[in-house]
Amino acid sequence: MFKVLTRNQISVKGLDRLPRQQYEIASEFSSPDAILLRSHKLTMEEVSPSVMAIARAGAGVNNIPVADCTSRGIPVFNTPGANANAVKELVIAGMTLGSRGILNGMDYVNTLGDMTDGAEMSKLLEKEKKRFKGQELMGKTLGVVGLGAIGSLVARAGLDLGMDVIGYDPALSVDAAWRLPSSVRRMENIASLFARADYISLHLPVLDATRGLVNAELLSNCKPTLKLLNFAREEIVDNAAIIEALDAGRLERYIADFPAPGLIGRDDVILMPHIGASTDEAEENCAIMAAEQLRDFLENGNIKNSVNFPALALERSEGTRIAISNNNVPKILGHVLSALADADLNVIDMLNKSRDDVAYNLIDVAVAPSDDVIARIRGIEGVINVRVIA
Ligand SMILES: NC(=O)c1ccc[n+]([C@@H]2O[C@H](COP(=O)([O-])OP(=O)(O)OC[C@H]3O[C@@H](n4cnc5c(N)ncnc54)[C@H](O)[C@@H]3O)[C@@H](O)[C@H]2O)c1
Ligand SMILES: O=C(O)CC[C@@H](O)C(=O)O
């Protein structure tokens with residue numbers, strides 16, 4: 001029986017992918033095998049020694065101490081693309097909310113609740129509506145920073161709305177480049193994008209390199225009519241610089257999924273309570289993907305969509321599987337294979353891959369290894385953890 005500790009509300013459709021005959025799921029366990037979470041800020045103190053894997057039902061993993069997990073040999077999974085459409089749709093809403101007097105107009109209408117004369121109301125609305133005039137998106141330039149799962153959908157939506165779309169992504173994967181419409185013009189640097197765009201939408205992860213990326217310098221070189229949308233993460237923008245640019249008339253509007261003190265209550269700021277991925281569909285997609293990835297790891301040792309371990313999948317063969325994480329240095333696999341050979345254990349199939357400082361191996365042996373062999377493998381210098389999968 002595997003024990004899966006949940007943090008946050010995880011869609012039942014996802015949890016149903018973990019059959020209850022094999023999985024216990026609860027929000028309290030003293031020794032869980034895995035953790036399944038969303039935005040909960042996880043600390044290493046919460047990751048007991050029994051934890052073998054952590055799955056994030058979502059894209060961003062900045063709430064998980066990934067480097068510490070790597071050094072403990074714990075793969076961290078996420079669900080790339082599973083909530084991308086939900087975010088894209090909210091970005092489109094953000095662009096229209098930022099361009100038209102929709103929110104103020106609705107607020108105004110709600111002040112008329114005491115009027116009883118419909119004809120009088122129509123007359124008044126026709127007179128007042130000029131206060132809520134806005135601009136169209138068609139023909140404007142949309143800059144997309146980060147052209148991955150969400151950014152590429154936003155870029156495509158911009159084109160569909162008749163916008164010129166420019167993009168910046170210094171680490172674009174080959175797959176993401178293939179997904180991108182050819183009419184999206186790639187900018188050499190983020191400053192060029194900021195200088196040209198009427199709307200900018202951020203879709204990049206928080207990393208050391210992206211923390212505070214949108215700062216006073218970038219905002220000093222944009223159009224004063226710029227509408228900046230942040231549905232990525234709060235940490236990517238310098239909120240003080242945003243407020244300063246708005247106050248100085250160097251930025252027209254900030255539309256974000258991350259409220260913070262100082263931003264709330266301003267006419268030129270539209271804030272949402274981190275609801276980019278809050279749709280039935282996205283929550284289900286993320287939970288299903290996270291649960292399936294977790295299950296394949298726990299039952300077979302396979303790894304898909306990990307942010308710190310290599311992707312690796314080996315068909316199950318007869319025999320017993322041994323999963324080994326080790327430091328990515330030479331000779332460790334050789335020592336492991338010697339330990340197996342010395343115990344007369346025949347290797348049926350195996351796969352070994354590395355990513356940065358960590359290597360991961362799946363080795364299928366004909367006969368179940370003894371505790372002594374496993375102890376010997378565990379004792380090899382550089383081996384992080386060893387798991388026998390029946
Ligand atoms: N508001 C929400 O609820 C919500 C929902 C989903 C994702 N997100 C956030 O959006 C981010 C992006 O999600 P995704 O699914 O598109 O991820 P993704 O991994 O598919 O795409 C991220 C892209 O950002 C690029 N990138 C990295 N560093 C960059 C830099 N310095 N400048 C420009 N681009 C850079 C990467 O190369 C990649 O193509 C997530 O990391 C998460 O923080 C927020
Ligand atoms: O789980 C959520 O609601 C937010 C998820 C989102 O921020 C993400 O990074 O995928």
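## Close-up views of a predicted model

**View 1. The open sheet has four strands.** An open sheet of 4 strands runs in the order β14-β15-β13-β16, with antiparallel pairing. Strands pair if DSSP finds at least two bridges between them. Helices (H or I, at least four residues) and strands (E, at least two) are DSSP runs, numbered from the N terminus. β14 (347-355) and β16 (383-389) are the edge strands; each has a single partner, so one side of each lacks a neighbour in the sheet. On average, neighbouring strands are turned by 10 degrees against each other, direction ignored. Axes are lines fitted to C-alpha atoms, for helices over the stretch in contact; angles run from 0 to 180 degrees between N-to-C directions.

This is a predicted model, in which local features need pLDDT of at least 70, side-chain atom pairs count only at pLDDT 80 or more, and totals for chains, interfaces and linings use all residues. Residues are numbered from 1 along each chain as its sequence is written, while chains are lettered from A and ligands numbered from 1 in the order in which they are written.

View 2. β13 (residues 320-327) and β15 (residues 358-365) pair in the antiparallel sense over 8 bridges. Thr320 stands opposite Val365 in β15. Helix α13 (residues 371-378) packs on the sheet and touches β13 and β16. The direction of α13 makes about 155 degrees with that of β16. Contact here means C-beta atoms, placed from the backbone, within 7 Å.

**View 3. Ile363 is a buried residue of the sheet.** Ile363 sits in strand β15. Ile363 counts as buried because it has 25 C-beta neighbours inside 10 Å. The scale is as follows: buried if 20 or more other C-beta atoms lie within 10 Å of the residue's own, exposed if 12 or fewer, partly exposed in between, with C-beta atoms placed from the backbone. Leaving out residues up to four places away in sequence, Ile363 touches Ile322, Val347 and Met350. Leu340 is 23 residues from Ile363 in sequence and 10.0 Å from it in space, C-alpha to C-alpha.

View 4. Asn305 is not a glycine, yet its phi is positive, about 60 degrees. Asn305 lies in the loop between α11 (280-300) and β13. With 20 C-beta neighbours inside 10 Å, Asn305 counts as buried. Lys331, also not a glycine, has a positive phi of about 80 degrees. Lys331 belongs to the loop between β13 and α12 (332-342). With 10 C-beta neighbours inside 10 Å, Lys331 counts as exposed.

**View 5. Residues surround ligand 1.** The shell around ligand 1 holds 32 residues; the closest are Gly60, Gly146, Gly148, Pro205 and Gly276. A shell residue has its C-beta atom, placed from the backbone, within 6 Å of the ligand. Two elements give two or more residues: α3 (84-99) and α6 (149-160). α6 gives the most, with 3 residues. The shell divides into 19 nonpolar, 10 polar and 3 charged residues. Ala, Val, Leu, Ile, Met, Phe, Trp, Tyr, Cys and Pro count as nonpolar, Asp, Glu, Lys and Arg as charged, and the others, Gly among them, as polar. Domain 1 (1-83 + 277-309) and domain 3 (136-271) each supply at least three shell residues. Domain bounds come from an automatic or database domain assignment.

**View 6. Domain 1 meets domain 4.** The C-alpha centres of domain 1 and domain 4 lie 24 Å apart. The contact takes 9 residues from domain 1 and 15 residues from domain 4. The domain 1 side comprises 3 nonpolar, 5 polar and 1 charged.

Key:
Contact = placed C-beta atoms within 7 Å.
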